[in-house]
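Open the model in your viewer and keep the selection tool ready. This tour goes stop by stop.

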There are 2 protein chains.
Amino acid sequence: MAESSRITARDGVRADARRNRERVLVAARAVFAEHGIDAPMATVARRAGVGVATLYRHFPTRDALVRGAFAQQMETCARALTEALAAVDPWQGFQQLVETVCALQREERGFPAAFVAAFPETASEHARSRQRAERDFTTLVRRAQASGALRADFHPSDLAVVLLAHCGLATALPDDGAASRRLVAYLLQSFRTDPANKPLPPPAALTLRSLPIATASPQGQRPSRA
Amino acid sequence: MAESSRITARDGVRADARRNRERVLVAARAVFAEHGIDAPMATVARRAGVGVATLYRHFPTRDALVRGAFAQQMETCARALTEALAAVDPWQGFQQLVETVCALQREERGFPAAFVAAFPETASEHARSRQRAERDFTTLVRRAQASGALRADFHPSDLAVVLLAHCGLATALPDDGAASRRLVAYLLQSFRTDPANKPLPPPAALTLRSLPIATASPQGQRPSRA
DNA sequence: GTCCAAGCGGACGATTGCGTCCACTTAAGA
DNA sequence: TCTTAAGTGGACGCAATCGTCCGCTTGGAC
């Protein structure tokens, strides 16, 4: 299977192409942070110092670009989940997880929207990793409940509720993060077991997998078009 | 000061104009609900069965239209606050208020965005009513805290946190409202006084007045433009 | 050094939304 | 009925963004 002769360098990609790809990603993060993930593609290209065509060659759709730009953050999320599962105290793990993801959402502007708008369900690779994430999270929840720290009526879908709500907040208020921290603290507090807790309304009938996909328009999260 | 002779009917507005205005408002609510408050003006006009010019005459800017479309909901919010202040049990009032506003946000799609994007600070009339709302709410909070039901470290600005977060959720998930109810229940729970409560991070340094305005772009809530 | 496919950039046509202008219609007072 | 200003509708000019096409440039194998 060795690469046939004449063709290119190391990984079969020309050096300048690889360089440009990286430049585009950096620019995309910056621009998305500044103007939201709906910012014109041309702006990203200009910022990266490349032509539009180059941008489109590397990332044929806005979605691909968004995904590429925030792949690292996504991985951090995945890692946080793994670590949470590995934590000795499952409640600690749970808390860590929520805080980490929310911190990411608040630090990397544009990421919240990207996170929610996320991947079309067709992207099988991502669908798979999402499924796994969901399963892992459910495990974490069950353990934390077994330990007595997480309220028994917490439902895994509540994570989606938290993330969407926090995303809305972070998007609306790209400030120093005080509001975000405040919200997270309130929520974590109400997730703890407490004899005084009154029963909750029924959980939302959604899986982590189902919602961002179905809801979000292909690019960005706001519906439009007549 | 009687209206001078020849001119028009009752309130100085021709009957057909008044009729059209109403039709536009109805259409706007429908379209905004369906496509978000960024929906093309022309779509609203078509839905209302009027020409664009007519729409623009009645509502020169998209903002004016949004404001007009949701004026009723805004008033309901204001009334809820008044009622909350009048309630015997201030905690009950507080709870009612949060639940009413959130219910509005979830029922009238498009309203959350309108609520947050709200008015440019120049609209003095609205600025004034907003100021009053803020003052009243602060009073309510103080009373509820004095009664011992609302945690002492609840800060009036936390209302903004709640509303923005809930707005994000409601916008992302225009479903049956299960998620919304769930979020509200969690939050209200964590607002109650509880000896086990751990200290919160400091409140966000924002007033009810400052945030939606400063943050929101003139139309819609998402920044853009390069 | 030579060669050429991979890579590049920008011009371009298409599409969509905005807001105005202007000629036609109509409500309603006399 | 007649008059006229208020009201109306849609065509139009303008601007922004999209994504493609095509001729030029260049990395890197030989």
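**Across the two chains**

Select Arg182(B), which sits in helix α10 (residues 178-191) of chain B; helices are DSSP runs of H or I, at least four residues, numbered from the N terminus. This is a predicted model, where local features need pLDDT of at least 70 and side-chain atom pairs count only at pLDDT 80 or more. Residues are numbered from 1 along each chain as its sequence is written, chains are lettered from A in the order in which they are written, and side-chain values use heavy atoms.

Arg182(B) is buried, at 2% relative accessible area (buried means under 20%, with a 1.4 Å probe and protein chains only). Now show Asp158(A): its side chain makes a polar contact with that of Arg182(B), at 2.8 Å (a donor and an acceptor, N or O, within 3.5 Å).

Next, the rings. The whole structure holds 18 aromatic pairs over all chains (ring centres of Phe, Tyr or Trp, the last by its six-membered ring, within 6.5 Å). Pick Phe154(A) and Tyr186(B): their centres are 6.5 Å apart and their planes at 40°, so the pair is tilted (stacked is under 30 degrees, edge-to-face over 60, tilted the rest). Phe154(A) lies in the loop between α8 (124-146) and α9 (157-172) of chain A and Tyr186(B) in α10 of chain B, so the pair joins two chains. Both residues are buried.

Last, select helix α6 of chain B, residues 90-107. Of its 18 residues, 13 are buried.

Technical notes: The expected span of a helix is 1.5 Å times one less than its number of residues. Buried means under 20% relative accessible area, exposed over 50%, partly exposed in between (1.4 Å probe, protein chains only).
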